[in-house]
Amino acid sequence: MAVPKRKMSRSNTRARRSQWKTTATTLTTCPQCGANRQPHVACPSCGAYNNRRYAEAIRTEHEVG
């Protein structure tokens, strides 16, 4: 197993880690209710996915009422 011969400096470590970036979550609109949702995931507001309705996908914090 390879072991580094010298300690990597802070600037080199931070320069390498500067490439670790996150990306924003992709959002699409629900065809049933028009709310924002993630692709390939049931809609959190109406529970629709692939022209079906899933009651267990609807959570209490997303219900309007």
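**Loops, strands and a charged patch**

Trainee: Where does His40 lie?

Mentor: His40 lies in the loop between S2 and strand S3, which spans 48-49. Helices (H or I, at least four residues) and strands (E, at least two) are DSSP runs, numbered from the N terminus.

Trainee: What kind of model is this?

Mentor: This is a predicted model, in which local features need pLDDT of at least 70 and side-chain atom pairs count only at pLDDT 80 or more, while totals for chains, interfaces and linings use all residues. Residues are numbered from 1 along each chain as its sequence is written, and side-chain values use heavy atoms, with hydrogens and water left out.

Trainee: Back to His40, then. Buried or exposed?

Mentor: His40 is exposed, at a relative accessible area of 70%. Buried means under 20% relative accessible area, exposed over 50%, and partly exposed in between, with a 1.4 Å probe and protein chains only.

Trainee: And what is the phi of His40?

Mentor: Phi of His40 is near 65 degrees, a positive value in a residue other than glycine. Most residues other than glycine have a negative phi.

Trainee: What about the phi of Asn51?

Mentor: For Asn51, phi is near 60 degrees, again positive in a residue other than glycine. Asn51 sits in the loop between S3 and strand S4 (52-53). Asn51 counts as exposed because its relative accessibility is 69%.

Trainee: Step back a bit. How many helices and strands does the protein chain have?

Mentor: There are one helix and four strands in the protein chain. Read from the N terminus on, the elements run α-β-β-β-β.

Trainee: How much of the protein chain do buried residues make up?

Mentor: Of the 65 residues in the protein chain, 12% are buried.

Trainee: Give me some from the loop between S2 and S3.

Mentor: Cys46 and Gly47 both lie there. Cys46 is buried at a relative accessible area of 6%, and Gly47 is buried at 0%.

Trainee: Now the strands. Which strand holds Thr28?

Mentor: Thr28 is in strand S1, residues 28-29. With a relative accessible area of 29%, Thr28 is partly exposed. Thr28 and Gln38 are ten residues apart in sequence, and their C-alpha atoms are 6.0 Å apart in space.

Trainee: And Arg37, buried or exposed?

Mentor: Arg37 counts as buried because its relative accessibility is 14%. Arg37 lies in strand S2, residues 36-37.

Trainee: What lies 3.0 Å from a polar atom of the Arg37 side chain?

Mentor: The backbone oxygen of Val41.

Trainee: Over to the helix. What is the accessibility of Thr13?

Mentor: Thr13 is in helix H1 and counts as buried at 14% relative accessibility. A polar atom of the Thr13 side chain lies 2.9 Å from the backbone oxygen of Ser9.

Trainee: And where is Arg14?

Mentor: Arg14 is also in H1, residues 10-17. Arg14 is exposed, with a relative accessible area of 58%.

Trainee: Which residues gather in a patch of positive charge on the surface?

Mentor: Lys7, Arg10, Arg14, Arg16 and Arg17. Patch residues have over 30% relative accessible area and no salt bridge, and like charges are joined within 9 Å. A salt bridge is a side-chain nitrogen of Lys or Arg within 4 Å of a carboxyl oxygen of Asp or Glu.

Technical notes: Patches are made of residues with over 30% relative accessible area and no salt bridge: like charges are joined within 9 Å, nonpolar side chains (Val, Leu, Ile, Met, Phe, Trp, Tyr) within 5 Å. Accessible areas come from the Shrake-Rupley method with a 1.4 Å probe; for residues, only the protein chains shown count as cover. Lys and Arg count as positive and Asp and Glu as negative; His and the chain ends are not counted. The place of a charge is taken as NZ of Lys, CZ of Arg, CG of Asp or CD of Glu. A polar contact is a pair of N or O atoms within 3.5 Å; within protein, one must be able to donate a hydrogen and the other to accept it, and residues adjacent in sequence count only if both atoms are side-chain atoms.
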